[in-house]
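Here's a walk through some of the cross-links, strand pairings and ring contacts in one protein model. Have the coordinates open and follow along.

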Amino acid sequence: MPGPSPGLRRALRGLWAALGLGLVGLSAVAQEPFWADLQPRVALVERGGSLWLNCSTNCPRPERGGLETSLRRNGTQRGLRWLARQLVDIREPETQPVCFFRCARRTLQARGLIRTFQRPDRIELMPLPAWQPVGENFTLSCRVPGAGPRGSLTMTLLRGTQELIRRSFSGESPRARGAVLTATVLARREDHGASFSCRAELDLRPHGLGLFENSSAPRILRTFALSPEPPRLAAPRLLEVGSERPVSCFLDGLFPVSEARVYLALGDQRLSPDITLEGDALRATATATASAEQEGATQLVCNMTLGGESRETWENVTVYSFPAPFLTLSEPSVPEGKTVTVTCAAGARALVTLDGIPAVAPGQPAQFQLNATVNDDRRGFFCGATLEVDGEILSKNESTELRVLYAPRLDDSDCPRSWTWPEGPEQTLRCEAHGNPAPSVHCARPDGGAVLALGLLGPITRALAGTYRCIAANAQGEAVKDVTLTVEYAPALDSVGCPERITWLEGTEASLSCVAHGVPPPNVSCVRSGEAEVIEGLLHVAREHAGTYRCEATNARGSAAKNVAITVEYGPSFEELSCPSNWTWVEGSGQLFSCEVDGKPQPRVECVGSRGTSDRVLLPLAPSDPSPRAPSIPSELASGIYTCNATNRHGSMVKMVAVSVESPPKMDESTCPSNQTWLEGAEAAELACAALGRPSPQVSCSREGGSWPQRLHVSRQDAGTYLCLATNTHGTDARTITVGVEYRPVVAELAASPPGGVRPGGNFTLTCRAEAWPPAQISAAGCRGWSGLLRAVHRLQEGRV
């Protein structure tokens, strides 16, 4: 036999505990009352589950005992004072088992309470409407069958995660099972596509069990809004068989507009519209094509459906048949002069008109004939037909063109005899000829030269100017025409027609004529710079006509200007100021003879000695402008008469020039010795000093450092240094002279030393000084009193003095 279950073990433990307490009580107090006990006294069991009940007593020897219950039993275990029984498949919401024992002729009872609970395993959210109109209420209902006890149940209705309503059923009867929660909800646009669900919670935590939760499967709500107005239908009132016309159906106020369905039909013909969504509006556009079977009155129907509701509208359409009129020519292309028949016809009910002339009756053709001329070429004919449909007059037209064959014609309007184009911009040269078939036109120079590219865009150049022969030809003949093309361009002044430099000869007649190139021929005018008078006609050329002139050429295409320099040339001429007749050359001055001659071009001048010392001597001339090749400066020059000859290409001129040679003063040792000697006592004389020069210089001498008094005879005071100056018109020369005065010798001093006497055998000194120039030679014989002096010295030595 397998061991007792956990429930049974719990019941047995309770039983033994009760028996123990009973034995203690019996031994302690024999008269204590007896009792019966049931464990567990209160139990909560999941519906369909099982439970062990332990029934016990403290009666020492119970007569009998038992457990009364309506529940199914699976097994029983007994002892003397206890009974354990397993109850299975407990389904009743609430039952009260009774434990009893018979003891001492009394019945002992213990009543228990067993309740069942059922988890919210099944939650039923009632189905939602297939489509719910926005702004109307709908009912959310949730049912939790069998779950309980109801007093421990809480239900919640949710939109997504948002709680709409929550209800707790606390306070309900413990036997109550299952619950229903209902809510009324206002449908909104944002609820379209929203998820609704129901959640149930069974909270048994106060009974020692857990919290049991479950949720229903979500249900999706679809909301919609549909305008009460019918769609707006745009359709033609009349529809021709075989023609295509657009129709459209429009309705605003649809939500969700993408869920709307459109039915568009012309009679029994369903159309396939293109759908365009704009916010809450829907537009369905289709092309309606009527067939011949639909001719007559029919309906165009538009139906829009959303959320199970529809809005419909319709329009009456009249389908008609109106073929285009037929316009025919007996011959579409005829030679000039041939007769042509023109006919206009239409359907049986249509009235035709040919070039404004109506037919006799509906269904009858209109017709006329004409004799084809050149003016009828490309003449258009108009055929109109009218038809009344449902009170409306409809019309159709047909046109055609007659071609008349004729030879080419070159009219001045389309091929002018003279063309004038400006040079440069691209142009299209056109020479169009009339004719049928269309003539070909060819323009070329008569000499077989250049060909004009007619009808092509190209640049206009001067080379295109000239006369061309244009020939237009087709199968009917040809036409010939000479045309002249003139290319206009702005003036140009080139060096050939208007050179930059012009030379005139003084005394001749000349005109300032500048020839400009340009078309039309330019008008040329020239004015001198700084002046306003225009130079015109022949001029008697004078030197004052030289200068710069501004020449301007002007025509309709522009202007050009150019500066022209006029040079006036003339033969040589001498002027006294620029080439003097008398010239003095100063020796050493480095000066050259300047002989400037007026003339253009600049004359060549040469001066050659003609007689005297200057015969055939070339006179060096100063250059008219500084030049590294200037002639060398002569150190000497012969005076005399020179012939100067000035020559240019317009002639020559001769002038005689007298040249004289002069020089500045010059003194040297030969003319003015630097050392001179005079003799004292002689008669006073002048310094011997002369100077060379032309004209002859004046010489004057003066003593340096003091005056020089006039004396009759030479004295020693006249000796010293003198300065002599030689002067003429070309300068001054100076020379320093030293003068010495000579005189005869004179003894100026005679003395002996020492003056106190000299012992015999001693030395003494004799001094004898003499004055003379040049210096004198002194000797004893020559010193006066020398013998007497010697005697006196001798006496001194003897001591007698």
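Predicted model: local features only at pLDDT ≥ 70, side-chain atom pairs only at ≥ 80, totals over all residues.

**Disulfides**

Let's start with the sulfurs.

| Pair | S to S distance | S-S torsion and hand |
|---|---|---|
| Cysteine 344 and cysteine 383 | 1.7 Å | about 55°, right-handed |
| Cysteine 415 and cysteine 431 | 1.8 Å | about -85°, left-handed |
| Cysteine 526 and cysteine 551 | 2.0 Å | 115°, right-handed |

Take the pair of cysteine 344 and cysteine 383, which forms a disulfide. Cysteine 344 belongs to strand E32 (residues 339-345) and cysteine 383 to strand E36 (residues 379-389), so this link ties together parts that are 39 residues apart in sequence. Are the two ends buried or exposed? Cysteine 344 is buried, with a relative accessible area of 0%, and cysteine 383 is buried with a value of 0% too.

Next comes the disulfide between cysteine 415 and cysteine 431. Here both ends are in loops: cysteine 415 is between strand E37 (392-409) and strand E38 (418-422), while cysteine 431 is between strand E39 (426-428) and strand E40 (434-436), and the two are 16 residues apart. Cysteine 415 is buried at a relative accessible area of 0%, and cysteine 431 counts as buried at 5%.

Then there's the disulfide of cysteine 526 and cysteine 551. Since cysteine 526 sits in strand E48 (residues 523-528) and cysteine 551 in strand E50 (residues 547-555), the pair ties together parts that are 25 residues apart in sequence. Cysteine 526 counts as buried at 3% relative accessibility, and cysteine 551 is buried at a relative accessible area of 0%.

**The strands around E37**

Which strands does E37 pair with? E36 is one of them: eleven bridges join E36 to E37, and the two run antiparallel. Within that pairing, phenylalanine 382 has serine 399 of E37 as its bridge partner. The hairpin of E36 and E37 has two residues between the strands, and aspartate 390 takes a positive phi near 50° there.

E37 also pairs with strand E31 (residues 333-335), with three bridges and a parallel run. Serine 333 stands opposite arginine 403 in E37. Finally, E37 and E40 pair in the antiparallel sense over two bridges, with tyrosine 406 opposite asparagine 436 in E40. As you follow these strands on screen, remember that in a regular strand the side chains alternate between the two faces of the sheet.

**Rings and charges**

How many aromatic pairs does a search of the whole structure find? The count is five. One of them is phenylalanine 117 with phenylalanine 212, a stacked pair at 5.9 Å centre to centre with 20° between the planes. Phenylalanine 117 lies in strand E10 (residues 113-117) and phenylalanine 212 in strand E18 (residues 211-215), so the pair ties together parts that are 95 residues apart in sequence. Both phenylalanine 117 and phenylalanine 212 are buried.

Phenylalanine 138 and phenylalanine 196 make an edge-to-face pair, with 5.8 Å centre to centre and 85° between the planes. Phenylalanine 138 is in strand E13 (residues 137-144) and phenylalanine 196 in strand E17 (residues 195-203), so this pair ties together parts that are 58 residues apart in sequence. Phenylalanine 138 and phenylalanine 196 are both buried.

Rings also take part in contacts with charged groups. Arginine 543 lies over the face of tyrosine 570, at 3.4 Å from the ring centre. Elsewhere, arginine 716 has its charged end over the ring of tyrosine 743, 3.2 Å from the centre.

**A stop at serine 291**

To finish, zoom in on serine 291, which is in the loop between strand E27 (281-289) and strand E28 (296-306). Serine 291 is partly exposed, with a relative accessible area of 28%. What does serine 291 touch? Leaving aside neighbours within four places in sequence, serine 291 is in contact with Val241 and Val319. The side chain of serine 291 also has a polar contact of 3.2 Å with the side chain of glutamate 293. For a sense of scale, the C-alpha atoms of serine 291 and valine 747 are separated by 183 Å, and the two are 456 residues apart along the chain.

Key
Residues numbered from 1 in each chain as written. Heavy atoms only, no water. Helix = DSSP H or I, 4+ residues; strand = E, 2+ residues; numbered from the N terminus. Buried < 20%, exposed > 50% of the residue type's maximum accessible area, 1.4 Å probe, protein only. Contact = heavy atoms within 4.5 Å. Polar contact = N/O pair within 3.5 Å; in protein donor to acceptor, adjacent residues only side chain to side chain. Disulfide = S-S within 2.5 Å. Pairing = 2+ DSSP bridges. Phe/Tyr/Trp six-rings, centres within 6.5 Å; stacked < 30°, edge-to-face > 60°. Lys NZ or Arg CZ within 6 Å of the ring centre and 35° of its normal.
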